[in-house]
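Subject: Structure handover

Hello,

Please find the structure below. My notes on what was found in it come after.

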Amino acid sequence: MRTVTPFTEEQARLLVNLHQRYDAWMSAEQTLHQMPYDLRRKEVAGKAYLYEIHDRGGNGKSLGPWSAAQEARFGAYRAAKADAKLRRDGAAGTLAESARLYRALRLPMLASAAGPILREADRRSLLGSDLLVIGTNATTAYAIEANGFIRQLPDETEDLDLAWAAEREAEDQRVWDLLKTVDPTFTVNTERTFQARNAKAYEVEILVAPSRAGTMARADRPRPVPLPEQEWLLLGTPVSHVVVCRDGSPARIIAPDPRWFALQKLWMAEQKKRNPQKRPKDHKQGMLLLDAVAEAMPQYPLDAGFEAQLPGELAPFFAAWSAQRPPPVLPSW
């Protein structure tokens, strides 16, 4: 029995359209995020100044006395902001249409609570560069990468695991600012300082490889505990796909290379420190995902070249998976 049931032509076509429309919408959102909240001409003690406004309360700072150059800057800002809003609003309608069709076609879906966090991370250009989606939520993207439904593979959970992956040191509280923007009720779990939880008990966990632990700002939160096994999730080529949440909203997932993700899951299933209730699921996910890669993801080869890259901890799991695979069907001629 095959592990992957291919999407229909209609489903595959919808995924392409969804991705394109989301990219157009998010490009405008990213432009707006990078711009100042607002610029205004203000009179202070009888003199005019150009002010950069930071929030709805009107708080801001002076950019200097009003002049011809400041007027030109003000006009360029207004024009650029209007253009970005026009592009965003124009893309929103077609994106919503694609999201509705996605749900109607019963494509793999993501839990609704993950959507706002992933969209805000994308708006801040953090996905892929600073944050990777790991854990069960990543499997939704793997199904799309395989262009089909992965049999018996869970595709959503009621929490969100993110890996900090930035190569350069961050000076600001990128994760904490992100979470508090999405939901001000997020607080750090004092017993598990790598985890944040909001008023609805939705949990976000941050994990990190030792090689990237030093790039997270010291004041940022939650504080992940460096785990050596997270290094494996930084290898290979990540996948990037747009999915739709159960509430009908779209979001992008950028997740680790499925081969390394699967092998890490198999390794975790054998660790005594791992929650005993999660170990069987880890094993099942790892085996099914490797099967899916072998069947439907030729862009991620499981050949001798890949096997030669494996560290000693993972090589036995790859060998065990390979041994249980049925032999290839040879041509009859």
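A residue counts as buried when its relative accessible area is under 20%. This is a predicted model, and every value here is computed from it.

Arg259 has a relative accessibility of 9%, so Arg259 is buried. Arg259 sits in helix 6, which covers residues 258–268. The side chain of Arg259 makes a polar contact at 2.7 Å with the side chain of Asp257. Apart from neighbours within four places in sequence, the residues in contact with Arg259 are Leu290, Val293, Tyr300, Pro301, Leu302 and Phe306.

The largest pocket holds about 720 Å³ of space. Its lining has 28 residues, and those closest to the centre are Glu205, Leu207, Met268, Arg274 and Lys278. Strand 8 (159–164), strand 11 (203–208) and helix 6 each give two or more residues to this lining. Helix 6 gives the most, with 4 residues. By class, the lining of the largest pocket has 10 nonpolar, 8 polar and 10 charged residues.

The second largest pocket has a volume of about 310 Å³. Of its 13 lining residues, Leu32, Met35, Pro36, Tyr37 and Lys81 are the closest to the centre. At least two lining residues come from each of helix 1 (9–34), strand 3 (47–53) and helix 2 (68–104). The lining of the second largest pocket divides into 5 nonpolar, 3 polar and 5 charged residues.

Regards

Notes: Residues numbered from 1 in each chain as written. Predicted model: local features only at pLDDT ≥ 70, side-chain atom pairs only at ≥ 80, totals over all residues. Heavy atoms only, no water. Buried < 20%, exposed > 50% of the residue type's maximum accessible area, 1.4 Å probe, protein only. Polar contact = N/O pair within 3.5 Å; in protein donor to acceptor, adjacent residues only side chain to side chain. Contact = heavy atoms within 4.5 Å. 1 Å grid on protein atoms, 1.4 Å probe; cavity = no way out; pocket = protein on both sides within 12 Å on 5 of 7 lines; lining within 4 Å. Points joined across faces, edges and corners; volume = space filled by probe spheres on them. Nonpolar A, V, L, I, M, F, W, Y, C, P; charged D, E, K, R; others polar.
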